[in-house]
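Hi everyone, thanks for coming. Let me put the structure up so that we can walk through it together.

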Amino acid sequence: MLLRFLLLVSLCVGTHLQGYADDGYRLWLKYDQLADAKLRASWQEQVRGIAVGGSNATLQTAAHELQLGLQGLLGRPVPVAASGGKGYVQLRVAADPTLGKEGYRVVTEKNGLVITGPSEAAVLYGCFALLRHVQTGQLPNKLALTSQPRIQYRMLNHWDNPNGTVERGYAGSSIWKWQELPEVIDPRYQDYARANASIGINGVVLNNVNASARYLTDEYVRKVAAVAGVLRPYGQRVYLSVFWAAPKVIGGLPTSDPLDPKVKAWWVARTNEIYKVIPDFGGFLVKANSEGEPGPQDYGRTHADGANMLAQSLGSHDGIVMWRAFVYKAGSGDRFKQAYEDFKPLDGQFADKVLVQVKNGPIDFQAREPFHPLFGAMPRTPLVLEVQLTQEYLGFATHLVYLGPLIKECLEGDTYAQGKGSTVAKVVDGSLDKHNISAIAGVANIGSDRNWTGHPVGQANWYSYGRLAWDHTLSSEAIADEWTRMTLTREPTAVAAVTQVLNQSRNIYVRYTMPLGLHHIMGQNLHYGPEPWLAKSARPDWTAVYYHKADAEGLGFDRTATGSNALALYSPGAQQVWASPATCPVNYLLWFHHVPWTQPLSTGRTLWNELTTRYYTGADSVLWMQRQWEQAKPSLDPELYTDVAARLRVQHREALWWRDACVLYFQSIAKQPLPPGLPPPTRPLTDIKELVDIYQLR
């Protein structure tokens with residue numbers, strides 16, 4: 001054992017001296033020594049050790065994480081003791097009604113820094129806040145860092161399956177090795193927990209919403225308990241997605257009717273068994289009566305009937321039910337409206353422990369969507385905002401797309417439910433309607449790839465989601481700056497170049513794929529690449545022509561009173577923003593209006609000229625991204641630089657694919673010439689369609 005330790009130390013020292021490739025595994029928890037000697041000396045003078053009283057596992061975890069980080073950043077030992085004098089960072093759990101349950105303070109006192117909070121988890125978050133402060137190159141003078149989460153349940157939702165696959169996962173297989181659990185605990189689980197805790201995530205749904213009933217069996221509950229044991233010291237609870245028909249599939253009952261007494265008794269007994277094994281189990285996430293999944297409507301019951309039955313099964317346990325509102329039926333009109341029509345009438349009918357989980361937009365995680373009309377429409381029901389970090393419709397792990405601006409755009413959307421300023425953020429955090437329970441969920445982009453997210457910059461989406469879940473008033477630009485300094489480089493010129501790429505990447509992606517409010521025109525089977533000509537599928541709302549409505553007259557889905565009237569689902573103030581094609585923001589124009597090809601827009605161009613110009617400038621902008629990334633090269637790890645540079649070359653090739661496919665297809669309908677100065681595509685539409693067919697065979 002001693003020899004192994006010495007070899008490990010030798011290896012670490014050697015790689016530190018020689019430099020080493022950064023494989024991305026450490027994420028933003030890179031505690032490399034501060035290069036600025038003056039800054040490092042200032043912190044060394046301020047911090048001599050860590051004092052922590054108490055043996056609580058989370059408090060000890062906080063001390064260990066702070067020690068690990070400070071020793072790396074300061075380049076010297078930082079001892080941990082039960083008490084300490086001047087220069088020791090004091091970790092204290094202390095009641096403070098102004099901080100809620102998880103808020104923290106990091107302040108400079110006479111003898112040094114003090115990190116306090118009303119719970120052990122709060123102190124842990126305070127330790128990570130201090131490390132973030134050091135990592136981003138801040139000075140130690142007169143610290144006064146205070147923060148508390150604005151949302152109570154900050155969830156990461158995994159769409160992982162028992163066989164190790166990940167639905168809509170682009171970073172390898174699942175990190176959960178169910179076949180090895182509970183006996184074998186992969187060390188990666190702890191590193192995952194560390195990363196989550198560092199950005200304030202406090203809950204993890206371990207499995208896919210298209211759930212397997214196996215997770216409710218005794219065998220799998222023991223496996224889940226093993227994972228829970230790793231996450232617990234980091235302030236995280238585990239949750240399960242449940243298969244609605246489980247009472248029939250594994251319970252031996254003839255029905256799963258939520259009002260059947262035997263079904264109710266089965267769920268109560270199963271829930272009690274889970275809590276015996278996992279006392280801090282968080283609760284259930286449910287996808288029901290959606291995309292073929294079973295649910296209470298199979299028995300003539302409502303979503304509220306189903307959700308309330310599960311809430312009743314929780315009894316006195318400290319748990320919640322999150323019931324997804326992602327539902328739509330084939331052939332029933334504008335899909336935009338269907339979740340609203342199902343759930344709006346149920347407002348006020350859900351039990352206290354139930355939250356309704358709503359996607360950020362009304363269709364399905366598109367590159368840009370108006371906020372979902374349910375936000376602001378269910379004042380008596382707490383709503384969970386669900387966003388997707390895995391890039392199902394945004395280029396998988398090939399395209400660099402920073403999603404901080406997308407999430408922020410939704411949070412800042414104004415519902416006008418109680419007048420101007422009734423933002424989605426205020427609905428979600430409960431402040432608008434005075435709810436005492438609140439939650440937000442991000443669909444994880446994490447897999448078994450060594451760098452966790454496939455595309456190295458995909459890590460920024462995990463990071464930005466956690467930071468916004470903690471405090472939605474933060475700017476996506478500030479978060480991008482933090483992530484870059486903690487993960488890639490602290491060199492100012494490089495930071496500026498990288499953050500410019502991050503902050504513009506989402507808009508660039510939209511321009512070369514679905515500009516002006518176009519949506520759902522991607523490839524059918526994989527949701528990858530363009531397929532705007534798609535007209536035949538198992539159901540109309542899985543086709544592209546259903547959404548773009550291109551014809552000889554114009555383009556776009558009329559959702560005003562002359563069309564589907566989906567616009568009427570919003571409050572009058574929100575309707576007014578989008579109601580007129582003359583004043584509707586151009587980024588949402590084709591979401592709500594069918595616009596003539598020759599109609600002049602506020603940009604000074606006709607619809608056709610603006611559409612084609614955006615496709616061309618979007619593809620060209622990927623070349624700008626490449627040049628920006630090249631500027632940062634001297635300050636980036638060579639292996640990481642090369643990886644991202646190669647993906648950006650693929651991104652440009654595929655941006656041209658999107659541009660040519662959409663321009664040629666829509667031109668075949670619009671019969672308009674390209675604007676002056678835009679060169680025609682060099683390949684015919686038939687060749688592009690063949691390429692799409694090949695991709696769909698994957």
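Let's start with a cysteine: Cys410 is buried, at a relative accessible area of 8%, where buried means under 20% relative accessible area, exposed over 50% and partly exposed in between, with a 1.4 Å probe and protein chains only. Before I go on, this is a predicted model: local features need pLDDT of at least 70, side-chain atom pairs count only at pLDDT 80 or more, and totals for chains, interfaces and linings use all residues. Residues are numbered from 1 along each chain as its sequence is written, and side-chain values use heavy atoms, leaving out hydrogens and water.

How many disulfides are there? With a disulfide taken as a pair of cysteine sulfur atoms within 2.5 Å, the count is zero. For Cys410, the nearest cysteine sulfur belongs to Cys584, 17 Å away. Cys662 is buried too, at 0% relative accessibility, and its sulfur lies 20 Å from the closest cysteine sulfur, in Cys584, so that is too far for a bond.

Now to Val205, which sits in strand S8, residues 203-205; strands here are DSSP runs of E, at least two residues, and helices are runs of H or I, at least four, numbered from the N terminus. Val205 is buried, with 0% relative accessible area. Its C-alpha is 5.9 Å from that of Val238, 33 residues apart along the chain. Beyond neighbours within four places in sequence, the contacts of Val205 (heavy atoms within 4.5 Å) include Met155, His158, Tyr239 and Leu285.

Finally, the whole chain: we have 21 helices and 16 strands, and 61% of the 698 residues are buried.
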